Amino acid sequence: MATPPTQGTALLTDHYELTMLQAALQSGTAHRRSVFELFPRRLPEGRRYGVVAGVGRALDAIERFAFDAPTLAFLEEIVDGPTLEWLASYRFSGDVWGYGEGEAYFPFSPLLVVESTFAEAVLLETVLLSIYNHDSAVASAASRMTLAAGDRPCIEMGSRRTHEEAAVAAARAAYVAGFAASSNLAARQRYGVPTTGTSAHSFTLLHDSEADAFRAQVDALGKDTTLLVDTYDVAAAVRLAVETAGPGLGAVRLDSGDLAVLATQVRAQLDALGATGTRIIVTSDLDEHAIAALAAAPVDGYGVGTELVTGSGHPTCGFVYKLVAHESASGEMMSVAKKSVDKISVGGRKYALRRRTASGVAEAEVVGIGHRPVDDGDDRALLVPLVRDGEVVGRESLDDARARHLASRAELPVASQQMSRGEPVIPTVHE
């Protein structure tokens, strides 16, 4: 059973959000109805699409965003008494709409629309951006990797290459985007992500001989285990592995060298030894390009670490969280937008749909400003309710998110499957 963490999230924020709150409370503008939007101005350079992840974690964070007595005591030197009094009763009471987890996104996709008072919504900026920027970067990389892998499973193995808490989030995000399992046990405990793992080179080096190491592993874990065969000599290790476990050995793992050449040699050797069902798993600094290059090799699965947890060169998505509308002094809602060079935003409350052909292929990301775009019958609405009147209504299982990702990716134009650098596969149109 998944058990998400329960610690509070109120201090996962930036100092200036609390100083803005204090000033807004003093000026009388804190309680103006406001609309904030979390969106990307662009895709990471060269990417053809992105993938939304972290939605479930963000909903958990909103639920746990509260200021207990120790937190308020800590903030006494940051903000004044009236602000502390207001924070003591803080609970988000507004509405949140957003893209479902696993959905593809494009420039200016309104991934989250937060409707509340300025005071309530502004405090969520940093924690929402932190979650979405990290998890979506990992999921976007993972989607390209699973696309390149085809029917061959990918396993997330990056825990030792990132912050310990980022590792848990990365495992979850990778699973959303199609990875079959993770090495991270905390991801299994908190989110139900399947885990797997057998042994490292240290286990082989511990024993007096490779034969002793293989025998100990097979005795403990059974013949379906995966034996690591490149500690010393690969050919000798493969022969020894089959002698130890028999032709029913589950798999061998290659972690170094020219993986395509080695996999071909090992496959031939396994078949000659009668181990025709023994799988070959490869690891060693893989990314989507390396996985694609191994498509013709007799590889049965991939273990991916560093490149996955660092977004395969794009460790953040560049999402921003901007005020796009607020109540004026007269009570009317007015659109607002940032006009800074290279940092523009588009004012107004957004609605979005994926425009599709009659055959279901995506043609455009259509964003309506202040109104819902007209659905021509083949289109698909993208924003779903996540929070209503402060209560989470959009929580779903990771299996639902995985299914959404596969469906969303499948409807993209065929150019999305290319690993080369390119422009977004569909344009974003504002109406």
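**View 1. The lining of the largest pocket, by residue class.** In this predicted model, the lining of the largest pocket comprises eight nonpolar, 14 polar and seven charged residues, where Asp, Glu, Lys and Arg count as charged, Ala, Val, Leu, Ile, Met, Phe, Trp, Tyr, Cys and Pro as nonpolar, and the others, Gly among them, as polar. A pocket is an open set of points on a 1 Å grid over the protein atoms alone where a 1.4 Å probe fits, with protein on both sides within 12 Å along at least five of seven lines, and lining residues have an atom within 4 Å of a point. Residues are numbered from 1 along each chain, side-chain values use heavy atoms without hydrogens or water, and totals for linings use all residues. Local features need pLDDT of at least 70, and side-chain atom pairs count only at pLDDT 80 or more.

**View 2. The centre of the largest pocket.** Of the 29 lining residues, Met157, Arg160, Arg253, Thr283 and Gly303 lie nearest the centre. Two or more lining residues come from each of β8 (226-228), β10 (279-282) and β11 (301-304), and β11 gives the most, with three; strands are DSSP runs (E, at least two residues) and helices are runs of H or I (at least four), numbered from the N terminus.

**View 3. The second largest pocket, between two domains.** Because domain 1 (15-123 + 318-430) and domain 2 (148-309) both give residues to its lining, this pocket lies between them, the bounds coming from an automatic or database domain assignment. Leu12, Arg57, Arg64, Ile131 and Glu165 lie nearest its centre among 20 lining residues.
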